[in-house]
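Here is a short report for a first look at this protein. Please keep the sequence and the 3D view at hand while reading.

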Amino acid sequence: MISKGAPKAKLLTAGTQNEAIQMVVDGKADGMIADFPICVVAVYRNPAAGLVSLVAPITYEPIGIACAQGDPHLLNWLGNFLHSLEKAGYMNDLKEKWFASRHGCRR
């Protein structure tokens, strides 16, 4: 993704998000790409560093649900919650909002 949007950028990698943030704070990297909440927290935790975060996301990635294997109570709760949303008609509303409307995200 970055190589297409910024072909002259030099890609640096870090082992963790905190390491990447520190590289930016220390001036070893000009910027970083991460999930929006990570960027906002980096700005918040480093007020003296002069960090800023983009307001608009670069890409859209759908959110999924993952849980530990072997947790039947959580799986049951998630299943019931999603089923309740479906039966109440909210899933259609969400589908319309995010995938069909002009204002939502598109695939």
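## Overall make-up

The protein has five helices and zero strands. Helices (H or I, at least four residues) and strands (E, at least two) are DSSP runs, numbered from the N terminus. From that end, the elements run α-α-α-α-α.

This is a predicted model: local features need pLDDT of at least 70, side-chain atom pairs count only at pLDDT 80 or more, and totals for chains, interfaces and linings use all residues. Residues are numbered from 1 along each chain as its sequence is written, and side-chain values use heavy atoms, with hydrogens and water left out.

Of the 107 residues, 10% count as buried. Buried means under 20% relative accessible area, exposed over 50%, partly exposed in between (1.4 Å probe, protein chains only). Among contacts (heavy atoms within 4.5 Å) between residues at least 6 apart in sequence, 24% join residues at least 24 apart.

## The nonpolar core

In soluble globular proteins, nonpolar side chains tend to be buried together. A nonpolar core is a set of buried Ala, Val, Leu, Ile, Met, Phe, Trp, Tyr and Cys residues joined through side-chain atoms within 4.5 Å. The largest one here has five residues: Ile 21, Val 24, Ala 29, Ala 42 and Leu 51. Leaving out residues up to four places away in sequence, Leu 51 touches Val 24, Val 25, Ala 42, Val 43 and Asn 46.

## The cysteines

| Residue | Relative accessible area | Class |
|---|---|---|
| Cys 39 | 17% | buried |
| Cys 67 | 29% | partly exposed |

A search of the whole structure finds zero disulfides, that is, pairs of cysteine sulfur atoms within 2.5 Å. Cys 67 sits in the loop between helix H3 (36-45) and helix H4 (72-87). Leaving out residues up to four places away in sequence, Cys 67 touches Leu 74, Leu 75 and Leu 78. From Cys 67 to Leu 78 is 11 residues in sequence and 9.6 Å in space, C-alpha to C-alpha.

## The second largest pocket

The second largest pocket has a volume of about 560 Å³. Of its 22 lining residues, the closest to its centre are Leu 11, Leu 12, Gly 31, Met 32 and Ile 33. On a 1 Å grid over the protein atoms alone, a pocket is an open set of points where a 1.4 Å probe fits, with protein on both sides within 12 Å along at least five of seven lines; lining residues have an atom within 4 Å of a point. Grid points are joined across faces, edges and corners, and the volume is the space filled by probe spheres set on them.
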